[in-house]
Amino acid sequence: IYADKPWTEQEKNYAAMVTRIDSDMGALVDLLEEKGIADNTLIVFSGDNGSSFNPNTPIGRRFNQTMDGTLRGYKRGMYEGALRQASFAWWPGIVPSGRVTNEPWAFWDLLPTFAELGEAELPEGYQTDGHSLVDFLEGGSAPEREYFYWELHEGRSIQAIRWDDWKAVRPVQGGPVELYDLEADLGETNNLA
């Protein structure tokens, strides 16, 4: 459906993939409703990183994944543009319809969430880094935690840690640590270190 757009092949392919995911999610929901199990099914959908593209490239500008340039960085980085990702949870009658929140959680929270919902016991001695999101999904607050921590080793080692609304970033291996107040500076432009 994007063949006639004056876009690059990469842009057309990416748009087609997003459209296909949207169509497939709709078909999944229709099937759950047809089978009569929609009210007993939780769907959690999210990407695995923030912006996929450098926001200064044509494809990055076209798909605008950094909140109109508010977020700094993109995939394989430690700034919010690389880490922050929209997601949704759908579970009729359980997840409040239309609720939008910026409270953070992480993929590692899904294991304890699904274990709790499935009444599954984690193996003895197993310690997860995650916290169950069941109360959050039902309309409560995101789980409290001391911090979030990220590390990436792809030819270099970069790190970030977030606690409350503060975030420290080491964007260069062995380099200085930067400090940001995300409440006042979501775009991580004012290094307070």
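**Surface, salt bridges and rings**

Analyst: On the surface, a nonpolar patch is formed by Y147, Y149, W163, W166 and L192, with about 480 Å² of accessible area together. Bear in mind that this is a predicted model.

User: Where is Y147 in the chain?
Analyst: Y147 sits in the loop between α5 (134–137) and β3 (148–153).

User: And how exposed is Y147?
Analyst: Y147 has a relative accessible area of 48%, so Y147 is partly exposed. The limit for calling a residue exposed is over 50%.

User: What about R145, where does that lie?
Analyst: R145 is also placed in the loop between α5 and β3.

User: Buried or exposed?
Analyst: R145 is buried, because its relative accessible area is 17% and the cut-off for buried is under 20%.

User: What does R145 touch?
Analyst: Leaving aside neighbours within four places in sequence, R145 is in contact with W105, W108, D109, D129 and H131. With D109 there is a polar contact between the two side chains, at 2.7 Å.

User: Changing topic. How many salt bridges are there?
Analyst: The structure holds 10 salt bridges. One of them joins E80 and K167, and the closest N and O atoms of that pair are 2.8 Å apart. E80 is in helix α3 (residues 80–83) and K167 in strand β5 (residues 166–170), so the pair links distant parts of the chain, 87 residues apart.

User: Why do such side chains pair at all?
Analyst: Side chains of opposite charge can pair when their charged atoms come close.

User: Are E80 and K167 buried or exposed?
Analyst: E80 counts as buried because its relative accessibility is 4%. K167 is buried too, with a relative accessible area of 0%.

User: Which other residue forms a salt bridge with K167?
Analyst: E188 does, with the closest N and O atoms 2.9 Å apart. That pair also links distant parts of the chain: E188 is in the segment after β6 (178–181), K167 is in strand β5, and 21 residues separate them. Both E188 and K167 are buried.

User: What about the salt bridge between E103 and R99, how far apart are the closest atoms?
Analyst: The closest N and O atoms of E103 and R99 are 3.4 Å apart. E103 is partly exposed, with a relative accessible area of 29%. R99 is partly exposed as well, at 31%.

User: OK, on to aromatic rings. How many pairs?
Analyst: The count comes to 8 aromatic pairs. Among them is the pair of W7 and F63, which is edge-to-face, with 6.1 Å centre to centre and 85° between the planes.

User: Where do W7 and F63 lie?
Analyst: W7 is in the segment before α1 (9–35) and F63 is in helix α2, so their pairing ties together parts that are 56 residues apart in sequence. W7 is buried, because its relative accessible area is 19%. F63 counts as partly exposed, at 21% relative accessibility. The limit between these two classes is 20%.

User: How are the rings of Y14 and F63 arranged?
Analyst: The ring centres of Y14 and F63 are 4.9 Å apart and the planes lie at 65°, so this pair is edge-to-face. Y14 lies in helix α1 and F63 in helix α2, so the pair ties together parts that are 49 residues apart in sequence. At 18% relative accessibility, Y14 counts as buried.

User: Which residues make up the ring cluster?
Analyst: Ring pairs link Y2, W7, Y14, F53 and F63 into a cluster.

User: Last one. Where is P55?
Analyst: P55 is in the loop between β1 (43–46) and α2 (58–63). P55 counts as partly exposed because its relative accessibility is 22%.

User: And what does P55 touch?
Analyst: Not counting residues up to four places away in sequence, P55 touches G60, R61, T66 and Y74.

User: How far is P55 from I158?
Analyst: Their C-alpha atoms are separated by 20 Å, and P55 and I158 are 103 residues apart along the chain.

Note on methods. Residues are numbered from 1 along each chain as its sequence is written. This is a predicted model: local features need pLDDT of at least 70, side-chain atom pairs count only at pLDDT 80 or more; totals for chains, interfaces and linings use all residues. Side-chain values use heavy atoms; hydrogens and water are left out. Helices (H or I, at least four residues) and strands (E, at least two) are DSSP runs, numbered from the N terminus. Buried means under 20% relative accessible area, exposed over 50%, partly exposed in between (1.4 Å probe, protein chains only). Contact means heavy atoms within 4.5 Å. Patches are made of residues with over 30% relative accessible area and no salt bridge: like charges are joined within 9 Å, nonpolar side chains (Val, Leu, Ile, Met, Phe, Trp, Tyr) within 5 Å. Accessible areas come from the Shrake-Rupley method with a 1.4 Å probe; for residues, only the protein chains shown count as cover. A salt bridge is a side-chain nitrogen of Lys or Arg within 4 Å of a carboxyl oxygen of Asp or Glu. A polar contact is a pair of N or O atoms within 3.5 Å; within protein, one must be able to donate a hydrogen and the other to accept it, and residues adjacent in sequence count only if both atoms are side-chain atoms. Rings of Phe, Tyr and Trp (its six-membered ring) pair if their centres lie within 6.5 Å; planes under 30 degrees apart count as stacked, over 60 as edge-to-face and the rest as tilted.
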